[in-house]
Structure formats: structure tokens, C-alpha cells
Amino acid sequence: MEGASGDASGAYIALARWKNDFSRAFQYYLDRSTPHRVGRWLGTLAVALIYLLRVYLLQGFYIITYGLGIYLLNLLIGFLSPIVDPEVEGLDGASLPTRGSDEFKPFIRRLPEFKFWYSITKAICIAFVMSFFSFFDVPVFWPILLFYWIVLFFLTMKRQIMHMIKYKYIPFNTGKQKYTGKKASAISSLARD
């Protein structure tokens with residue numbers, strides 16, 4: 001009887017060790033992919049195209065695709081939103097600058113780019129796996145789902161753009177800012193001296 005429990009605990013230890021090794025290797029490669037932004041997004045695009053090709057060829061799994069689209073829209077809103085929302089938090093000093101005389105505060109996303117990419121890729125992979133099980137293939141009229149998603153997308157983006165205009169922030173970094181006017185001439189005169 002002791003041998004059976006010893007085998008079970010040995011199997012549990014081996015499984016826990018394998019899970020730990022796999023988790024560590026996965027995290028290692030995930031960390032190594034962090035600086036390769038373009039490659040990561042191209043890989044995600046390839047996985048998304050394979051998934052869409054599978055849905056197109058099977059002519060099914062529209063509910064999964066619709067749910068995936070809603071989730072991706074939710075992630076996009078998090079990616080475009082500041083970490084401190086001036087409407088929700090109030091003006092406690094940690095808000096975005098709204099006037100030219102306010103102190104510059106960098107735009108910090110609610111959902112960072114790497115987590116945005118990782119969540120999108122994971123969601124597409126989960127939807128791809130779900131497309132192998134026929135009980136997820138609920139028969140629906142897909143044009144209605146597509147129309148509803150497009151309307152939802154435009155209404156959500158309109159609200160987000162209005163929020164950006166109201167609080168004067170741009171969620172994209174265009175690189176190092178160039179100085180013009182008196183600041184640029186003062187800097188160039190100091191450089192000549």
C-alpha cells in the first residue's frame with residue numbers, strides 16, 4: 001500500500017517539476033521577445049490570419065469570433081486610455097494637463113503595449129483551440145453579428161476620441177519632440193557659445 005502512495009506522490013512531484021520548468025522556459029522566451037515589437041505583432045497577425053482562414057473555410061464558429069472581437073475591442077480601449085482617467089479620478093493633482101501652463105505629464109497607458117499584445121495573442125490562440133470543438137459552433141446569422149460589432153466599434157471609438165479631445169492627450173508616442181521658436185533659437189545660440 002505504501003508503494004502506491006509513493007508512486008502517486010512521485011508522479012505529483014514530477015508533474016510539478018515539469019510545470020515549473022515549462023513555466024520558467026515560457027517566461028524566458030516571453031522576456032526575450034519583449035524588445036522585438038515588430039516581430040511579435042507580425043507573429044500575432046499571422047496567428048490571427050490563420051484563425052480567420054479556419055473560420056472562413058469551416059463557415060462556422062461566428063459566436064467565438066464575435067466574442068473575440070468584443071474582447072479585442074475592450075483591450076483596445078484599455079490600450080488607448082490613460083492610467084489615471086480625469087473623469088473618474090477627479091482633479092487630485094495626478095491628472096492629465098489640460099492647459100498649456102500645466103506641468104507636462106507623460107501619457108501612461110492603462111494597458112501597456114506588451115500586455116496588450118500578450119492578451120490579444122492569448123485570446124486568438126484560445127479562440128483557435130475552441131474552433132476544434134463542434135459544440136462551440138452555434139448556428140447564427142453572421143451578418144447581424146458583424147453589423148452589430150461594427151456599430152459597437154464606431155460608437156466606442158467615437159466616445160474614446162471625444163475623451164482624448166476633451167482632456168487633450170494623444171495615446172501614441174511620435175518620438176522625441178522637437179523644439180521650435182524661441183526655445184530652439186536659445187538652445188542653438190547656447191550650442192554655438
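Select Phe114 and Trp117 to begin. Because these two residues stand three residues apart in helix α5, about one helical turn separates them; helices here are DSSP runs of H or I with at least four residues, strands are runs of E with at least two, and both are numbered from the N terminus. The ring centres of Phe114 and Trp117 are 5.4 Å apart and their planes meet at 45 degrees, so the pair is classed as tilted. For such pairs, rings of Phe, Tyr and Trp (its six-membered ring) must have centres within 6.5 Å; planes under 30 degrees apart are stacked, over 60 edge-to-face, and the rest tilted. Phe114 is partly exposed, at 23% relative accessibility, whereas Trp117 is buried, at 9%. Buried denotes under 20% relative accessible area, exposed over 50%, and partly exposed the range in between, with a 1.4 Å probe and protein chains only.

This is a predicted model, in which local features need pLDDT of at least 70 and side-chain atom pairs count only at pLDDT 80 or more, while totals for chains, interfaces and linings use all residues. Residues are numbered from 1 along each chain as its sequence is written, and side-chain values use heavy atoms, with hydrogens and water left out.

The structure contains 16 aromatic pairs.

**Phe79 and Phe116**

Next, select Phe79 and Phe116. Their ring centres are 4.4 Å apart and their planes lie at 10 degrees, so this pair is stacked. Phe79 belongs to helix α3 and Phe116 to helix α5, and the pair links distant parts of the chain, 37 residues apart. Both are buried: Phe79 has a relative accessibility of 10%, and Phe116 has one of 8%.

Which residues does Phe116 contact, leaving aside its neighbours within four places in sequence? They are Trp41, Leu75, Leu76, Phe79 and Leu111, where contact means heavy atoms within 4.5 Å.

A charge sits over a ring if NZ of Lys or CZ of Arg is within 6 Å of the ring centre and within 35 degrees of the ring normal. Elsewhere, Arg54 lies over the face of Phe128, at 6.0 Å from the ring centre.

**The nonpolar core**

Select Tyr51, Leu68, Phe116 and Ile124. These residues have the most contacts inside the largest nonpolar core, which has 23 residues. Such a core is a set of buried Ala, Val, Leu, Ile, Met, Phe, Trp, Tyr and Cys residues joined through side-chain atoms within 4.5 Å. At least two core residues come from each of α2 (37-58), α3 (62-80), α5 (113-130) and α6 (142-167). The largest share, eight residues, is supplied by α3.

**Thr156**

Move to Thr156 in helix α6. Is this residue buried or exposed? Thr156 counts as buried, because its relative accessibility is 15%. A polar atom of the Thr156 side chain lies 2.7 Å from the backbone oxygen of Leu152. Beyond residues up to four places away in sequence, Thr156 touches Leu73 and Ile77.

**The loop between α2 and α3**

Select Gln59 and Phe61. Gln59 is in the loop between α2 and α3, and Phe61 is in that loop as well. Most residues other than glycine have a negative phi. Phi of Gln59, however, is positive, near 55 degrees, and phi of Phe61 is positive, near 60 degrees. Phe61 is buried, with a relative accessible area of 6%.

**The whole chain**

Finally, display the complete model. The protein has seven helices and zero strands. Of its 193 residues, 24% are buried. Among contacts with a separation of 6 or more, 86% join residues 24 or more positions apart.

The unreviewed UniProt entry annotates residues 38-57, 63-84, 116-134 and 140-157 as "transmembrane region"; its positions are given in the numbering used here, feature names are shortened, and annotations may be inferred rather than shown by experiment. Residues 38-57 are 100% helix and 0% strand, with end C-alpha atoms 28 Å apart. Residues 140-157 are 89% helix and 0% strand, and their end C-alpha atoms lie 26 Å apart.

Notes: Polar contact = N/O pair within 3.5 Å; in protein donor to acceptor, adjacent residues only side chain to side chain.
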